[in-house]
Amino acid sequence: MSSVEDRPAPPIEVGLDRRERGDSFERLSYVYSAGRPSYPKEFIESLTSPFAGAPGAHVFEVGAGTGQATVRLSELFSRVTAIEPGRDLCRQTKERMADQSHVDVYQSYFEDWTDTKRYDCVVSASAFHWTDPTRSYSVARDILKPNGKLAFVTYSELIGDDAWEQLCTDIREMFTARVPYHKGPRFGTRTAEELSGGLEKNLGSIGQALEFVEFGKPLEAAHVPVAEMFGPVAVQLELQQRHYNAEGFVAALDSYGAFRRMKEDARLDLKKSVHDYVKRDCQDSIDRPFALVGLAATRTP
């Protein structure tokens with residue numbers, strides 16, 4: 001088996017390209033909550049310690065999406081300010097948090113945020129890698145109080161057992177049969193051991209650690225002085241199996257870029273084929289391997 005360092009990272013460019021890719025999730029707000037994992041309260045609480053639960057602590061959330069992590073932050077912090085650039089996603093989060101008077105939600109890109117308030121924590125759940133690292137780490141440092149914490153929580157798909165890998169192969173074959181130019185979802189491209197080992201090599205920069213988790217190797221963040229802005233990285237890693245039925249698994253696939261780039265007729269045909277496959281060949285039951293990853297670093301003086 002090749003090492004994770006030998007596997008090519010998906011191509012990505014700095015700045016606008018990342019913003020465009022992040023914006024594409026706006027069209028998937030209707031499936032995002034159903035298809036993507038949520039974030040355990042205890043995990044976020046540990047990651048944002050000692051500020052979580054502290055009287056008066058104020059957290060800033062980058063990329064709230066549909067509010068999955070916002071709910072958890074509202075349970076842990078006295079004040080929450082959350083931003084989300086997508087109009088529909090922002091609306092959903094505002095509606096979700098409407099009865100929480102200590103939570104403010106705004107539509108904005110993080111790089112465009114100009115408010116002068118200072119926060120105890122800046123937190124982002126599966127979103128910060130879509131910001132422009134040449135600007136976003138500086139913004140994060142600027143809005144944090146001295147010794148404030150920058151924290152990321154995200155999921156990384158893993159290579160699983162033989163049954164799971166066979167299912168991945170079958171689904172990729174369904175993709176290429178209908179849309180030959182698609183190779184299908186990558187699913188997991190590394191084992192839990194490779195993920196853990198790669199993180200150990202990137203503990204000096206939270207930017208590089210995040211890009212390793214999300215893209216397979218450090219990219220633009222390797223050229224940004226993130227290590228001068230934030231201290232060494234603390235890592236939390238929790239292995240999970242998420243259970244899906246056919247409807248839930250198709251909803252998860254529907255949030256992938258490979259689906260978004262397909263023509264509608266091919267996409268609908270593929271969704272039906274995958275649904276029928278899971279229903280019939282998997283007895284309407286799939287356990288999917290993930291690693292829940294937490295990264296945190298303290299603002300330098």
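## Aromatic cluster

Phe60, Tyr106, Phe110, Trp113, Tyr119, Phe128, Tyr137 and Phe152 are joined into a cluster by ring pairs (rings of Phe, Tyr and Trp, the last by its six-membered ring, with centres within 6.5 Å; planes under 30 degrees apart are stacked, over 60 edge-to-face and the rest tilted). The model is predicted, and local features require pLDDT of at least 70, side-chain atom pairs count only at pLDDT 80 or more, and totals for chains, interfaces and linings use all residues. Residues are numbered from 1 along each chain as its sequence is written, and side-chain values use heavy atoms, with hydrogens and water left out.

The structure contains 14 aromatic pairs. In one of them, the ring centres of Phe128 and Phe152 lie 4.8 Å apart with planes at 35 degrees, so this pair is tilted. Phe128 belongs to the loop between S4 and H6 and Phe152 to strand S5, so the pair ties together parts 24 residues apart in sequence (helices are DSSP runs of H or I with at least four residues, strands are runs of E with at least two, and both are numbered from the N terminus). Phe128 is buried at a relative accessible area of 3%, and Phe152 is buried at 2% (buried means under 20% relative accessible area, exposed over 50%, partly exposed in between, with a 1.4 Å probe and protein chains only). The rings of Tyr137 and Phe152 have centres 6.5 Å apart and planes at 80 degrees, so their arrangement is edge-to-face. Tyr137 lies in helix H6 and Phe152 in strand S5, so this pair ties together parts 15 residues apart in sequence. Tyr137 is buried, as is Phe152.

## Nonpolar cores

The largest nonpolar core has 52 residues, of which Phe77, Phe249 and Val274 touch the most other members (a core is a set of buried Ala, Val, Leu, Ile, Met, Phe, Trp, Tyr and Cys residues joined through side-chain atoms within 4.5 Å). Helix H7 (residues 162–178) supplies the largest share of this core, six residues. Apart from this core lies another, of 33 residues, including Ala192, Ile206, Met229 and Val233.

Leaving aside residues up to four places away in sequence, Phe249 touches Trp164, Leu167, Ile171, Phe187, Tyr244, Val274, Val278, Ile286 and Arg288 (contact means heavy atoms within 4.5 Å).

## Salt bridges

The whole structure holds 12 salt bridges (a side-chain nitrogen of Lys or Arg within 4 Å of a carboxyl oxygen of Asp or Glu). One of them joins the side chains of Asp112 and Arg135, at 3.7 Å from N to O. Asp112 lies in the loop between strand S3 (103–106) and strand S4 (119–125) and Arg135 in helix H6 (residues 133–143), so the pair ties together parts 23 residues apart in sequence. Both ends are partly exposed, Asp112 at 39% and Arg135 at 38%.

A further salt bridge forms between Asp120 and Lys145, whose closest N and O atoms are 3.4 Å apart. This pair links distant parts of the chain, Asp120 in strand S4 and Lys145 in strand S5 (residues 144–157), 25 residues apart. Asp120 is buried at 10% relative accessibility, whereas Lys145 is partly exposed at 32%. Asp269 and Arg178 also meet in a salt bridge, at 2.8 Å from N to O. Here Asp269 lies in helix H13 (residues 264–281) and Arg178 in helix H7, distant parts of the chain 91 residues apart. Asp269 is partly exposed at 39%, and Arg178 is partly exposed at 30%.

## Charge over a ring

Arg190 is placed over the face of Phe212, 4.9 Å from the ring centre (the criterion is NZ of Lys or CZ of Arg within 6 Å of the ring centre and within 35 degrees of the ring normal).
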